[in-house]
Amino acid sequence: MRAQSASGRLLKGYAVLLGVVLLFLGILFYTGLNLSFENSLHSSLESIALDLKNDELAHPQQKSSVIDPKEEFPLSPVSIEVYRFTAGKPERILFTKNMQDHRFGHSDPGFYIEEIPFVSKEDESGLLVYRAQKNGIDYLIKVAVPINKIDDTLETFTALLVFFGFVIFLVALYLGYRAIERVLSPMRNITETAATISQSNLSKRIELPKEKDEFFELAYTFNTMLDRLENAFNQARRFNASVSHELKTPLTIIRGEIDVALIRERSSKEYAEVLHSVLEETDKLQSIIETMLLLSKSDTRALKKRFRLVSLDKLVGEAIDQMRPSAVAKNIEFELRCDKVTVDAEPTLLRRAIVNLLDNAVKFSPDGSVIKVVLQKTRKGVELKIVDQGPGIPENLKEKIFEPFYRIEKKWETTTSGSGLGLSIARWIAQLHNGNIYVTSGEEGSEFVIRFSQ
Ligand code: ADP
């Protein structure tokens, strides 16, 4: 599935935003410039009008006269008309040459921008109608100029604005694209690596981004998730291999016994011996299968429904009673110190976990030794300690012994029975009861502790 590219969407959004911002800025610049041109035109026309008032109208005119437009004014030609009011009647007393045959329409004071054909054929013109008083006489001064130069400047400015706006747009778009790509590239990296990870190369990991940002966190979390997955997967693989091996051994023995028995006619005593041996092996098979079923039970919710308040000290007593015959056979004694403790538990399972630990303690302890069993309440919950005087457990194997089917290869292993499932079941049961099992061991003896946090 090819998802719609996030970078494409981001870039589209960025381009629209950029375009809108640039357009807005362009309009703002243009309007501002236009306004400032208009203002300066207005004040230029006003200063011409004032000059006229101060120079030309200093002495009252007797008859109309024609003046030259001001040459120095950059917007030329300047068109001027001056009226004098005598008894309320306007009389034109002053005008520029170019106004010989013309009259401005407006008589109300103000500033106008419009097309005045006789000032400029193609362009608009700016016209100022100005009322003035000099020596007690009212005058109306009209000054106009074509604004083609302003328009030309504005046009050039607009062209430059569009051109540079477009260049800025393209450059900013490219930089934005690069930035988005750079930000999203770790994401792509994660996707690509994730896509190549399969059962056969679960050890592959995502390269962590250099910067410790959200993508780093994502990649890191993804990698730790892969670590856990790989662990679980390897454990399951080892478990499967061990299961098939453990099931194969009794089956091979059964088959061998039967094959040998069938070679010739046997006495009923011999047949009974074979059947006994077969029964022993089927017991082993049955126990392995039952245990595996228990371990694979994922429906812990159903098991939790069977939880009730039970007296843990009573359970410990029952487990010790169960183990007493094998302990007596090895002349082993139990030293018991139990607080009264009640826990929320599934009693059959919990007893089984305790029996498994006691069974190991008896199995691996030398004859005539003592096994201490201590049940006590602690600040964090409840603790059950089983301390034996056996061979102890090497430091590097303290976690391994909890793996299903794991047995430490030593001489005594050949003399002790077991499938290597006892501790994994005990830990599973402890975890089901909100607890765990820990082991400490010195030169001699081991101490197994079940801790329940309550
Ligand atoms: P097993 O059926 O072999 O007892 P467990 O899972 O109960 O299987 O134990 C795994 C291995 O851990 C044992 O085979 C043994 O090597 C070691 N072990 C367990 N308990 C003890 C103990 N109390 N003292 C020494 N070694 C122990």
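In this predicted model, Glu181 is partly exposed, with a relative accessibility of 21%. Its salt-bridge partner is Arg188, the N to O distance being 2.9 Å. The structure holds 17 salt bridges, and an open mixed sheet is built from 6 strands. The mean pLDDT of the protein is 86.

**Confidence**
- A pLDDT of 70 or more is reached by 93% of the residues.
- Strand E10 (residues 370-377) has the highest confidence, at a mean of 96, whereas helix H8 (residues 411-415) has the lowest, at 50.

- E1 and strand E3 (residues 89-96) run parallel and are joined by 3 bridges; Ser65 has Leu94 in E3 as its bridge partner.
- Helix H1 (residues 6-55) packs on the sheet and touches E1, E2, E3, E4, E5 and E6. The direction of H1 makes about 35 degrees with that of E5.

**Salt bridges**
- Side chains of opposite charge can pair when their charged atoms come close.
- In the pair of Arg188 and Glu181, Arg188 has a relative accessible area of 34% and is partly exposed.
- Asp259 and Arg255 form a salt bridge with their closest N and O atoms 3.7 Å apart. Both residues belong to helix H3 (residues 214-262), where a spacing of 4 residues separates them by about one helical turn.
- Arg255 is exposed at 58% relative accessible area, while Asp259 is partly exposed at 40%.
- Between Arg451 and Glu383, the closest N and O atoms of the salt bridge are 2.9 Å apart. Arg451 lies in strand E13 (residues 446-453) and Glu383 in strand E11 (residues 381-387), so this pair ties together parts that are 68 residues apart in sequence.
- Glu383 is buried, with a relative accessible area of 11%, whereas Arg451 is partly exposed at 38%.

Note on methods. Residues numbered from 1 in each chain as written. Predicted model: local features only at pLDDT ≥ 70, side-chain atom pairs only at ≥ 80, totals over all residues. Heavy atoms only, no water. pLDDT = per-residue confidence, 0-100. Helix = DSSP H or I, 4+ residues; strand = E, 2+ residues; numbered from the N terminus. Pairing = 2+ DSSP bridges. Contact = heavy atoms within 4.5 Å. Axes fitted to C-alpha atoms, helices over the stretch in contact; angles between N-to-C directions. Salt bridge = Lys/Arg side-chain N within 4 Å of Asp/Glu carboxyl O. Buried < 20%, exposed > 50% of the residue type's maximum accessible area, 1.4 Å probe, protein only.
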